[in-house]
Amino acid sequence: MAFLGTAVSRMLRCRTPLPPLCRAASRCYSSTTSGSSSEHQTTEKSVPYEKTLKQDQASLRGPTKPLPRSADAVVIGGGSLGCQTLYHLAKMGMTNVVLLERDRLTAGTTWHTAGLLWQLRPSDTEVELLAHTRNVISSELEKETGLETGWIQNGGLFIASNKQRLDEYKRLMSLGKVYGIESYVLSPAETKDLYPLMNVDDLYGTLYVPKDGTMDPAGTCTVLSRAATARGATVIENCPVTGVQVSTDDLGVKRVKGVETPFGTIETSCLVNCAGVWATKLGDMAGVKVPLVAMHHAYVVTERIEGIQNMPNVRDHDASVYLRLQGDALSVGGYEQNPIFWDKVSDKFAFSLFDLDWDVFMQHIEGAVNRVPALEQTGIKSTVCGPESFTADHKPLMGEAPEVRGFFLGCGFNSAGMMLGGGCGRELAHWIIYGRPEKDMYGYDIRRFHHSLTNNNRWIRERSHESYAKNYSVVFPFDEPLASRNMRRDPFHQVLQDQGCVFQERHGWERPGWFHREGPAPVLDYDYYGAYDLPKNSNDKYSELLGKEYTFGFPPHHDVIKDECLTCRNGVAVFNMSYFGKFFLTGPDAKNAADWLFTADVNKAPGSTVYTCMLNKKGGSEADLTVSRLEPGSAHLPLAPESNGDAYYLAIGGGVAEHNWNHIQTVLQDQGFRCTLQDHSEDMGMLSIQGPKSRELLQEILDADLSNEAFPFSTHKVVNAAGHKVRAMRLSFVGELGWELHIPKESCMPVYQAVMAAGAKHGIINAGYRAIDSLSIEKGYRHWHADLRPDDTPLEAGLAFTCKMKTKIPFQGREVLEAQKAAGLRRRIVCFTIDEKVPMFGLEAVFRNGVPVGHLRRSDYGFAIDKTIAYGYIRHPEGEVVSPAFVRSGEFTMERMGVVYKAKAHLKTPFDPENKRVKGIYDAPLELSNQHKARV
């Protein structure tokens with residue numbers, strides 16, 4: 001018997017060395033074993049469950065049931081997600097649905113999962129998804145079937161060894177109050193009372209969640225499959241998929257046609273890829289990119305520990321280890337810096353495990369023994385090292401694949417498939433049946449990744465490694481990835497880097513975050529955090545600056561961002577917004593398509609630019625963007641497409657450009673519009689020159705009259721800028737007088753140099769997106785996927801002015817908005833300001849008269865009003881209409897990390913509510929510090 005402490009160390013010194021691991025092209029440890037040798041097989045006792053669904057091979061001679069000729073949907077993969085999706089499809093009324101499993105249910109990765117469920121996460125959507133999983137596993141299934149799933153409610157305990165970690169837990173606690181999740185911050189002494197075997201000498205505090213618990217994978221999936229089949233669904237085991245049939249329709253759109261197996265073909269228009277580690281191979285059969293990697297993920301199971309019974313599960317994030325209660329023993333696992341990649345995934349790997357590499361796993365033992373010292377003299381009953389699938393941002397891959405209609409993804413769950421399975425299974429079922437999920441699932445939607453990245457092996461591997469290694473890191477507001485940077489760079493990148501630009505990564509693009517005053521801070525090649533015997537980057541100024549931003553207080557560069565904001569408010573600033581998506585919509589049905597796609601009336605005179613939303617069928621906001629009507633004529637790309645009819649130029653936030661592109665394409669396909677959508681995002685740069693002095697500056701370099709009469713707000717023209725053709729738009733995303741210049745790639749640098757030269761006497765500065773975030777929220781402008789999401793209607797979001805409700809023009813989602821308007825809003829967005837100088841970042845709880853009514857979606861500091869400003873959606877505690885009077889009559893408070901602050905509610909932005917500044921009307925300058933006076 002080995003012991004977790006000294007015995008394991010002795011074993012490491014004496015055991016026969018493992019064969020060296022192969023080096024992959026990206027210099028990561030890899031495993032290429034097929035899983036066919038005996039050393040990679042396991043027995044049932046290796047996992048901490050009383051039973052698994054493994055059977056003798058002799059009983060697996062063919063499919064367990066005959067294959068139907070056709071099905072409304074075919075779910076592939078009998079793990080947690082496959083079973084949950086099948087169950088929810090059947091429950092929603094789609095009963096002609098089949099689940100195919102190549103072996104037995106849970107045989108891939110689900111059977112050996114730890115099965116932990118934690119209710120609190122730093123995401124409102126994930127809290128809701130987890131709540132549904134917990135309800136299904138702990139209550140719903142047993143009531144429906146009379147069978148137990150194996151749910152154990154023993155609670156969860158999060159360990160904090162420093163103030164920042166405890167602050168993160170306090171943020172979770174505050175959000176939990178909005179959802180009625182019971183949680184408590186405990187002192188070290190209180191933690192010791194709760195968990196007597198724990199070492200609390202190095203603790204700062206803990207967060208205790210009494211109703212967290214543990215799930216049993218075999219029991220859960222068995223009950224799910226029985227509940228689904230009772231509703232008419234079919235589960236067929238021992239039936240591998242060998243091919244996917246794809247057809248191309250008259251519009252050139254690829255669609256799922258059928259699923260091939262050795263035992264026949266099932267005709268279907270809907271395939272659901274829940275194949276986990278094997279999802280990439282299934283995607284290849286249909287020409288669908290599935291950006292995930294397989295890695296070894298391990299835990300060990302101890303012998304009996306006296307006094308451990310009924311203790312909560314433990315997550316010690318700072319030690320990167322978890323302790324899962326297993327009767328009178330513990331399972332110990334975690335996330336290491338040097339995980340082993342499984343490069344050659346075997347189709348025959350079922351109910352199988354890898355040998356545990358103690359060199360990799362030992363770091364978890366050290367953390368576990370420190371937290372529970374009794375483990376040092378506790379024996380190891382078994383080791384469990386199996387494959388799991390991981391993704392570039394540690395979030396699942398869900399939704400309809402962009403390449404093939406009817407091919408849905410439900411994979412890449414990063415060891416959280418049991419925990420998220422119920423919520424995600426329901427959303428995926430809703431997606432399949434109704435075309436969209438009910439909740440905001442953009443963070444899981446495959447369309448969140450740009451198509452240039454999803455088949456880039458370097459990006460997938462590096463980002464997946466970093467996400468794995470940082471899984472237990474504190475989630476700070478201003479963190480940025482270090483892996484696979486500089487994938488997409490605009491023409492201004494080098495000149496801005498030379499001027500101290502600290503870049504952010506969005507959609508593969510490097511976009512300006514803020515400007516450092518002490519020289520360049522380039523993003524270096526990824527060093528895997530020094531893992532795999534690789535040297536860590538030296539002189540890494542970017543990482544140093546990023547590390548200084550790791551705080552829940554005001555960041556150390558708060559004054560730099562203040563300077564950028566106030567210079568824009570009082571002088572002029574230039575923003576590089578080149579990462580924006582830039583699309584042209586043309587074709588014989590372009591006008592009809594524009595009417596249907598966009599909530600606003602964009603069919604105004606050519607030369608007009610309109611801010612608008614795009615909705616889903618439920619009235620939710622899939623996007624906000626600007627649409628510019630173009631003059632018909634011959635092509636002058638990239639500034640103008642060829643068109644002898646209606647043509648539109650769409651400018652879209654670059655971080656969501658892929659999502660927008662696919663939403664538009666899907667609507668065009670569903671409606672049968674004869675249109676062409678062209679992407680010229682890479683062909684143009686985009687500068688936004690904003691501030692009271694922007695007109696005076698630009699008048700020197702543009703050959704157009706920029707007066708209000710000649711160039712009014714929300715219009716555009718093709719003009720000459722320092723001798724170069726550009727499209728100038730009078731728009732603002734910061735609430736100031738200003739213009740955007742959309743510039744052909746080869747003209748970007750000459751135009752930028754001309755802008756900076758003309759702006760020198762006006763004190764022009766470069767500014768970044770951290771300033772845009774502050775300026776835009778101060779003005780009350782929305783950020784999509786923050787205070788405007790697919791589960792928010794424009795009416796709820798305060799964007800009714802973008803909807804052509806006074807016309808008779810139909811548009812997608814209009815009927816929902818009309819019904820909502822007639823019934824009254826049950827939730828609405830509200831602006832809040834806080835007088836005390838405290839930072840808020842979103843997720844803080846909102847109370848009205850002491851009762852929780854919502855949480856903040858987005859918050860920042862408004863430097864012009866010199867206050868923290870925030871936006872959140874609130875509900876009536878009794879489910880009634882949330883009227884303006886309801887907002888005005890309440891006393892509001894915010895809870896930030898357990899501390900309550902008074903807040904003032906506003907129905908309009910407190911900054912320039914009359915919109916004078918965007919019109920060029922400046923009644924009085926803002927108050928400036930001496931530093932800003934000197935600059936301006």
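**Close-up 1. M198 sits in the loop that links α5 (188–194) to β8 (205–209).** The model shown is predicted. M198 counts as buried because its relative accessibility is 0%. Beyond the neighbours within four places in sequence, the contacts of M198 are L157, I159, T191, K192, L203, V314 and R371. V127 lies 71 residues from M198 in sequence, and the C-alpha atoms of V127 and M198 are 28 Å apart in space.

**Close-up 2. Helix α2 (residues 80–91) crosses helix α9 (residues 417–434) at roughly 45 degrees, with the axes coming within 8 Å.** Because of this angle, α2 is oblique to α9. The crossing of the helices α2 and α9 is right-handed. On the α2 side, the contact is made by S80, L81, Q84, T85, H88 and L89. On the α9 side, the residues in the contact are G417, M418, G421, G422, C424, G425, R426, L428, A429, I432 and I433. Sorted by type, the residues of the contact between α2 and α9 are eight nonpolar, eight polar and one charged.

**Close-up 3. The largest nonpolar core contains 181 residues.** The residues with the most contacts inside this core are L100, Y195, L375, F407, C424 and F575. C424 also belongs to the α9 side of the contact with α2.

How values were computed:
Residues numbered from 1 in each chain as written. Predicted model: local features only at pLDDT ≥ 70, side-chain atom pairs only at ≥ 80, totals over all residues. Heavy atoms only, no water. Axes fitted to C-alpha atoms, helices over the stretch in contact; angles between N-to-C directions. Helix = DSSP H or I, 4+ residues; strand = E, 2+ residues; numbered from the N terminus. Parallel < 35°, antiparallel > 145°, perpendicular 65-115°, else oblique. Left-handed = near helix turned anticlockwise from the far one by under 90°. Contact = heavy atoms within 4.5 Å. Nonpolar A, V, L, I, M, F, W, Y, C, P; charged D, E, K, R; others polar. Core = buried A, V, L, I, M, F, W, Y, C linked by side-chain atoms within 4.5 Å. Buried < 20%, exposed > 50% of the residue type's maximum accessible area, 1.4 Å probe, protein only.
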